[in-house]
Amino acid sequence: MTSTMAYGVQIAGVGSAVPSKVLTNADFEKMVDTSDEWIVQRSGIHQRRICDPETESEYTLARDALKRALDDAGIDVGELDLVIHASTTSGFLCPPSAARIAAGVGPTNAGTFDLIAACSGLVYGMNIADTLIRSGRYRNIAVIGCDALSTITDYEDRTLSILFGDAGGAMILTRDDDSERGCIYQTMEGDCSRWDLLYLPTREQDVVEWDKDNPIKIGKLRMRGQEVFKFAVTKFRDVIQEALKQTGLSQEDISQFVCHQSNARIINAAKQKLGLPDEKVHINIQNFGNSSAGSIGVVFDELWQAGKINRGDYVVFVAFGGGLTWASSVWKI
Ligand code: UT7
């Protein structure tokens, strides 16, 4: 394939998948010392979806989201050049779980790899895919963001378990002759000195200093919630402001700000500070909780299926998470 920057990128199809099992705040009241009022007030969450371990998994969600996105795009899995799968919970180190997911949809010779960037994963994947397609070397790339955090959540830890849910989203990105179409601005950044604020210990020796005296479970997620919260509230706002400044776009020019569903308070704080109207910041955390790499895809799919994303629109994607990582991606659809 030739290499030229003369290409643009279009989002040709979108799909998402959530598990069937609903875990409500009332369910949590029976499991730990908490209340519906506390959870709603601190996070905006009313319920989340979690996998039934007998029939569902990170794999089935990612596979179903990919299939729906391909159907939406009218593209066969065999036409994909690459499948990028962002997840922290695939459970696979070898092969790349992207290979298993793609094969689950149908025969393909696509290149596959997994990407771990915590909740920022899907936006990292979109940025990478856009750059690869623009280079002229690839034509059709599937990007999947999916997590089944229920598999790494300690349901006896009330400070963390109430936040998370399982979900997956996928996008099919394809070459477009209009070079102005696609990602017009992107960032992938981090504060690596704070990697230990949100981590998954898989061995005793991985337990970090602040966690040494806590009753932790190996293989379950650990987070300093308040510190991540404080970081996220300002970072969300700053990342959006910087994206607008660098693109020369105003809030009025943007049709949707697609934000990682971390906590409704975090999103609403940024919304208020920047004066963004409700109809431009879609929030669905009340139904699905925080689904890490899955959340942006589900939000975007809801907007896409509702016909709220149209050709020529400018859309800003923003995510942040463990690492600490954060990413933005401004698209002309
Ligand atoms: O996805 C990207 C990365 N993650 C995030 O963005 C998450 C960021 N953090 C958060 O969303 C919030 O920190 C949480 C929703 C996880 C927690 O909310 P918070 O307002 O930060 O609560 P907290 O952990 O500071 O706890 C406040 C109080 C404590 O009691 P004391 O010490 O003040 O007496 C906790 O023990 O609330 C208590 N508490 C609870 N009470 C009832 C903690 N969890 C619960 C609970 N129910 N589930």
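Author: Helices (H or I, at least four residues) and strands (E, at least two) are DSSP runs, numbered from the N terminus. By this naming, Pro95 falls in the loop between β4 (82-86) and α4 (97-105). The model is predicted, so local features need pLDDT of at least 70, side-chain atom pairs count only at pLDDT 80 or more, and totals for chains, interfaces and linings use all residues. Residues are numbered from 1 along each chain as its sequence is written, and side-chain values use heavy atoms, with hydrogens and water left out.

Reader: Which residue does a cis peptide bond join to Pro95?

Author: Most residues other than glycine have a negative phi, and most peptide bonds are trans. Here Cys94 is joined to Pro95 by a cis bond with omega of about 0°. Another cis bond runs from Gly323 to Leu324, with omega near -15°; Leu324 lies in the loop between β12 (314-321) and β13 (325-332).

Reader: What is the phi of Ala118?

Author: Ala118 has a positive phi, near 50°, although the residue is not glycine. Ala118 belongs to the loop between β5 (111-115) and α5 (121-134).

Reader: How many salt bridges does a search of the whole structure find?

Author: Side chains of opposite charge can pair when their charged atoms come close. A salt bridge is counted when a side-chain nitrogen of Lys or Arg is within 4 Å of a carboxyl oxygen of Asp or Glu. The search gives 16 of them.

Reader: Which helices each supply at least two residues of the shell around the ligand?

Author: They are α2 (36-43), α6 (158-161), α7 (225-247) and α8 (264-274). The greatest contribution, four residues, is from α7.

Reader: Which polar side-chain atoms lie by an oxygen atom of the ligand?

Author: A polar contact is a pair of N or O atoms within 3.5 Å; within protein, one must be able to donate a hydrogen and the other to accept it, and residues adjacent in sequence count only if both atoms are side-chain atoms. Gln226 places a polar side-chain atom 2.5 Å from a ligand oxygen, and Asn290 places one 2.7 Å from a ligand oxygen. From the backbone, a polar atom of Arg158 is 3.0 Å from a ligand nitrogen.
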